[in-house]
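Student: I would like to learn how to read the features of a folded protein model. Please take me through this one.

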Amino acid sequence: SLSKLQLKTGDLDPRLFSRLRHLQKLDLSDNLLDKFPNSLTLPDLRVLNCNNNKLEDVTALKQFPLLEELTYENNVYLTLNDDYKVMFLLQNLRRLNGKDVTKLANHVRRVNSRKLTSKVTAHWEKFFRDQLPEKYTAEQVKSIKKKFLKSVQTNVVYGPSSLSEFTRWRVKMIAEEFLAYSLGLELNTDPETEDKMDESEEEGTESPREAAEDVNQVGDFSSYANNVTVTPGKRKRNNSKAGSGNKRSKANTEEESEDVSAEPLHFLQCHSKGNSREDFKTQLWSCVFEPLLDCGARKDPIVSSSRTVATCGGESVCLIDCETGSVLKKYKVATEEFFSVAWTTLTMVVGDSQKKCHNILAAAGRRGIVKLIHVAADFCYGEIKAHKKPIATVCFSPTRETHLFTASYDKRIALWDIGIPDCDYNFKASQLLLLEALSIPLRLALVPTCPDQYLLAGCESGCFAWNIKLDKEQKSRPFEVLFQFPDDDGGMTTSHRVDGVAFLNNDVVVSKSSKLGCIYLWSWSRSFDTKGKGCQRTVGAVILAELEWSMTDLSYLTLSTCPAKEYVFCGDEKGSVWMYNLSNYTTAWSSAKGKRSDKRIPPSQILKWPELQANKEHLTEVLINNVVSDPAFTYLVVLTSVNITAIWKKS
């Protein structure tokens with residue numbers, strides 16, 4: 001906070017500010033600023049308050065591409081035109097002067113830009129194209145550019161007159177881009193800023209995703225659910241949250257090779273911001289079934305689990321009973337957006353020095369902090385400040401119950417020993433390994449045959465494997481192997497976003513990436529030679545088969561597997577769940593000469609999104625972010641982009 005310090009623009013020293021690489025919130029209210037210097041370089045700034053200053057221009061704010069919340073009330077020289085400028089310049093802006101501007105900003109960036117571009121192009125075609133001779137000199141181009149820019153800003157009109165200044169500003173920008181493209185002229189842009197914006201787009205997507213809204217209850221365990229009814233439709237990538245409804249409804253299903261009938265049990269809206277029934281924006285990202293305490297889940301991961309599932313999205317983590325649809329517990333953290341949850345079972349010392357098994361839930365997200373929750377005690381007993389950037393995903397080792405992997409937007413995967421809390425919940429966490437990735441890691445999978453030796457990760461720029469054996473001295477490690485996959489042109493590529501990766505059994509990997517409408521199944525043992533020498537090798541994935549899937553180019557619709565039943569699940573951009581029963585294929589794949597399936601394998605069944613209504617309106621544009629079954633495939637939990645958790649039951 002630098003509020004009320006009589007600061008003038010010259011007091012904002014770029015040399016100082018450029019060192020604040022991780023600053024996320026800045027308060028410059030009640031000062032004397034008339035503009036922003038162009039090179040403050042705050043690459044991670046999310047919230048900016050400059051109320052009660054003397055600002056005259058907002059365009060310098062484009063240097064903060066991750067900005068999500070901006071307030072500049074009581075700057076008398078700023079107008080509605082400036083509001084529109086910042087909505088266009090800041091692609092992640094959600095709140096402006098206390099109001100949600102998500103929809104309006106999207107309109108400004110897309111619809112408004114499209115219409116103005118059309119008008120600018122038409123103006124050139126009608127009045128200027130024929131003025132330029134076939135062979136033109138630089139002088140002629142300069143002259144016509146000057147005339148065209150003046151004419152187009154005067155004559156292209158769109159929207160209310162109160163926005164005429166913004167329209168002229170955008171028309172000039174579009175006209176310059178048009179001339180640069182058509183005539184090869186140089187554009188007056190700041191390449192540094194453009195690079196930063198490209199980088200920030202990559203960061204934004206990684207996360208799963210998009211920005212969280214602030215919330216003020218910490219450790220609020222409670223039950224909330226709202227009734228909802230449902231509809232199939234298309235989707236956009238944006239935030240979503242939902243509530244609960246116990247109403248049963250029959251859904252359309254497409255069956256191809258068999259009848260695996262499943263029916264929808266519950267639709268729950270339990271991650272709403274402030275428990276609002278109006279929240280259909282919160283994105284839900286991750287869910288994991290709770291292990292049974294008496295089942296030795298550490299030794300046998302394919303053992304029956306409970307019917308309790310942990311889900312996360314927005315500011316909250318929920319525990320849900322899949323059979324009844326009851327939200328058993330709810331845990332909230334102000335200012336957090338949770339992206340991932342994972343369970344482990346720890347043997348803890350309780351009173352009288354007795355030892356007892358307890359399930360512990362780890363939850364992490366945008367703040368880069370792992371929360372450790374002792375669920376039975378309704379108590380978040382600790383946190384690990386794991387990364388300075390958001391955590392995309394977390395997972396526990398199946399063999400070492402205190403070993404937790406965290407994958408972050410900082411392009412690193414860390415292995416932590418979270419320790420075991422004593423009877424007063426004192427614990428000591430330590431970092432054991434730091435794995436360097438070339439891009440943001442999105443999904444993690446430990447290799448079932450050697451979970452203490454190799455880790456596989458789907459990242460923004462490819463699929464990588466690391467040696468994670470702890471007997472090596474090297475704490476920070478580069479990747480060992482980068483896998484190549486077929487591309488659309490029939491060649492092989494390493495450079496593609498891998499947003500889904502999981503093991504179907506001890507050897508078969510399922511990954512989603514480089515080719516539209518396609519999920520790959522490939523052999524770990526045949527692709528990865530454990531005796532191979534040297535780090536950072538590139539090897540071709542030995543493809544066993546391709547699964548037919550949606551032709552969408554949307555990312556982060558992740559997949560999962562049910563190894564015990566040999567199923568693969570993946571949701572799409574229309575609210576449908578694609579299910580693949582691969583039990584008829586796995587035997588052939590496991591043979592030494594396992595032959596690749598020539599044709600793409602179609603889904604065994606597609607569960608269609610049923611017709612849901614909220615406040616008497618149909619819910620459309622539903623993205624399926626994640627689909628997870630319990631180990632025995634009794635329940636299927638479906639997480640959406642519209643704050644709804646759907647629970648299906650196999651009948």
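Student: What should I know before I start?

Tutor: This is a predicted model, in which local features need pLDDT of at least 70, side-chain atom pairs count only at pLDDT 80 or more, and totals for chains, interfaces and linings use all residues. Residues are numbered from 1 along each chain as its sequence is written, and side-chain values use heavy atoms, with hydrogens and water left out.

Student: Which residues have the most contacts inside the largest nonpolar core?

Tutor: A nonpolar core is a set of buried Ala, Val, Leu, Ile, Met, Phe, Trp, Tyr and Cys residues joined through side-chain atoms within 4.5 Å. Buried means under 20% relative accessible area, exposed over 50%, and partly exposed in between, with a 1.4 Å probe and protein chains only. Here the largest core has 35 residues, and Phe36, Leu48, Phe64, Leu70 and Val86 have the most contacts inside it. The elements that give two or more residues to this core are helices H2 (80–89), H3 (102–127) and H5 (164–183); H2 gives the most, with five residues. Helices (H or I, at least four residues) and strands (E, at least two) are DSSP runs, numbered from the N terminus.

Student: What does Phe36 touch?

Tutor: Contact means heavy atoms within 4.5 Å. Leaving aside residues up to four places away in sequence, Phe36 touches Leu12, Leu28, Leu48, Cys50, Leu55, Ala60, Leu61, Gln63 and Phe64. There is also a second, separate core of 23 residues, which includes Phe569, Val577, Ile624 and Phe633.

Student: How do I read the packing of H2 and H3?

Tutor: Two packed helices are described by the angle between their axes and the distance between the axes. Axes are lines fitted to C-alpha atoms, for helices over the stretch in contact, and angles run from 0 to 180 degrees between N-to-C directions. The axes of H2 and H3 come within 8 Å and cross at roughly 80°. That makes H2 roughly perpendicular to H3; angles under 35 degrees count as roughly parallel, over 145 as roughly antiparallel, 65 to 115 as roughly perpendicular and the rest as oblique. At the contact, Tyr84, Met87 and Phe88 in H2 meet Leu104, Ala105, Val108, Arg109 and Ser113 in H3.

Student: In what order do the strands of the four-stranded open sheet run?

Tutor: Strands of a sheet pair through backbone hydrogen bonds, either parallel or antiparallel. Two strands pair if DSSP finds at least two bridges between them. The order is E13-E14-E15-E16, with antiparallel pairing. E13 (338–349) and E16 (379–385) are the edge strands, each pairing on one side only. The twist averages 25° from one strand to the next. E15 (369–374) pairs with E16 over six bridges, and Lys371 stands opposite Glu383 in E16.

Student: Which strands form the open sheet of five?

Tutor: The order is E17-E18-E19-E20-E24, and the pairing is mixed. E19 (412–417) and E20 (430–436) pair in the antiparallel sense over six bridges; the bridge partner of Trp416 is Gln431 in E20.

Student: Is Pro448 buried, partly exposed or exposed?

Tutor: At 33% relative accessibility, Pro448 counts as partly exposed. Pro448 is found in the loop between E21 (441–446) and E22 (454–459). Not counting residues up to four places away in sequence, Pro448 touches Phe503, Asn505 and Asn506.
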